[in-house]
Amino acid sequence: MEDSSPDKILFTDDEGNASSLEDIIADGLDGKYEGRIPALVKLSESGNPYQRLMACIVLTSWGHAAGFKLLISWASNPNSVPWVQEPVSVDRIYGANDAFENLADALKTSYWNDPTLELQGMQRKAAEALLNIYPSYFFGQTLTLALLKDPFWKNSGQDKIVNVLESCMRTIQDSKKFDFDLPYQTACLLVVLACSNDDMTAEFAERLITQFPEHDRMFRELASALGEASGQATWQTLNKLKCMGRPTVAVEVTRVISLRQSRIKPSEESK
C-alpha cells in the first residue's frame with residue numbers, strides 16, 4: 001500500500017474506499033489483503049492502543065501468528081494491556097470494556113482459515129488464555145461460540161471448562177456487583193459442557209437458578225445449554241425451568257424441549 005496510515009490499513013479497501021473492519025477481515029480471509037500483513041504487524045506493535053487492538057483482531061482473524069502471540073500475551077497479562085488506563089472499545093449494553101470479547105471474536109473468525117496443526121495449536125493456546133480470565137472480563141457469548149468451533153473443548157478440554165465454571169461461581173459468590181452480566185456469561189459457557197457431562201451441567205444450572213431466581217436472561221441461556229444435553233439430570237432441570245412461572249422463560253424452554261425431543265428418543269428422556 002502506498003498510503004500506510006493506520007486508517008488506510010484498517011478501514012480502506014483496495015480501491016481507496018472507506019470500509020468496515022469486518023469487511024476488511026472477510027475479504028482478507030480469501031487472501032485479498034495479504035500485502036497489508038507487514039503493516040498490520042507493525043501497527044499491532046507500535047500503534048496507539050486502539051490501533052494495536054484493531055490490528056491484532058485482523059491478524060488473529062486471518063490466522064497470523066503475530067496476532068495470536070499478542071492475544072495470548074495480553075490475556076496472560078491483562079493488567080498490562082495497552083488500553084489498561086482507558087478502554088478503547090466498550091459494549092453497547094453494559095458499557096463494559098469489550099476488548100477481550102473482540103479478541104475472542106477474532107479467535108472465532110480464525111476457524112474460517114484452512115486448518116493446519118500450527119493454527120490449531122495457536123487457537124487452543126489463545127482459547128485457554130482467554131478462559132483463564134473469563135470470570136473477570138466481559139465476553140458475552142463470544143468465547144463460547146469460538147470454543148464450539150473446536151471439538152477438543154467438548155471432549156479432552158472438559159476439565160478446563162469445569163475449572164472455569166467453578167471459578168465463575170466463586171467470583172459470583174464473592175462479589176456483590178459486576179461490571180457485566182457474569183451469571184449470564186457463566187450460563188453461556190455451560191453449553192460446552194452439556195454434550196459430555198449431563199450431571200455436572202445440571203448441577204451448575206441448579207446452582208445458578210438458586211442464586212439468581214429472577215434472572216430471565218440467564219434462564220433462557222440455561223435452557224439453550226440444557227437443550228444440547230441428553231441425560232435425565234438436565235431433563236429434570238429443564239422441566240423445573242418450565243414450571244417457574246416466568247412466561248418468557250417458559251416459551252424458550254418449550255421450544256428447547258421440542259427440539260431436544262426431536263433428536264432424542266422419548267424413552268431416553270423418561271428414564
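Is Thr 201 buried or exposed, and what is its relative accessible area? In this predicted model, Thr 201 is buried, with a relative accessible area of 0%; buried denotes under 20% relative accessible area, exposed over 50%, and partly exposed the range in between, for a 1.4 Å probe and protein chains only. Residues are numbered from 1 along each chain as its sequence is written. Local features need pLDDT of at least 70 and side-chain atom pairs count only at pLDDT 80 or more, while totals for chains, interfaces and linings use all residues, and side-chain values use heavy atoms, with hydrogens and water left out.

Thr 201 lies in helix α11 (residues 198-211); helices are DSSP runs of H or I with at least four residues, numbered from the N terminus. Leaving aside residues up to four places away in sequence, Thr 201 touches Leu 190, Leu 193, Ala 194, Leu 226 and Thr 234, a contact being heavy atoms within 4.5 Å.

In helix α5 (residues 65-76), the buried residues are Ala 66, Gly 67, Phe 68, Leu 70, Leu 71, Trp 74 and Ala 75. Their cover includes α3 (37-46), α4 (49-61), α6 (99-109) and α7 (117-132).

Helix α6 also contributes 5 residues to the lining of the largest pocket, the largest share. A pocket is an open set of points on a 1 Å grid over the protein atoms alone, where a 1.4 Å probe fits, with protein on both sides within 12 Å along at least five of seven lines; lining residues have an atom within 4 Å of a point. At least two lining residues each come from α2 (21-28), α4 and α6.
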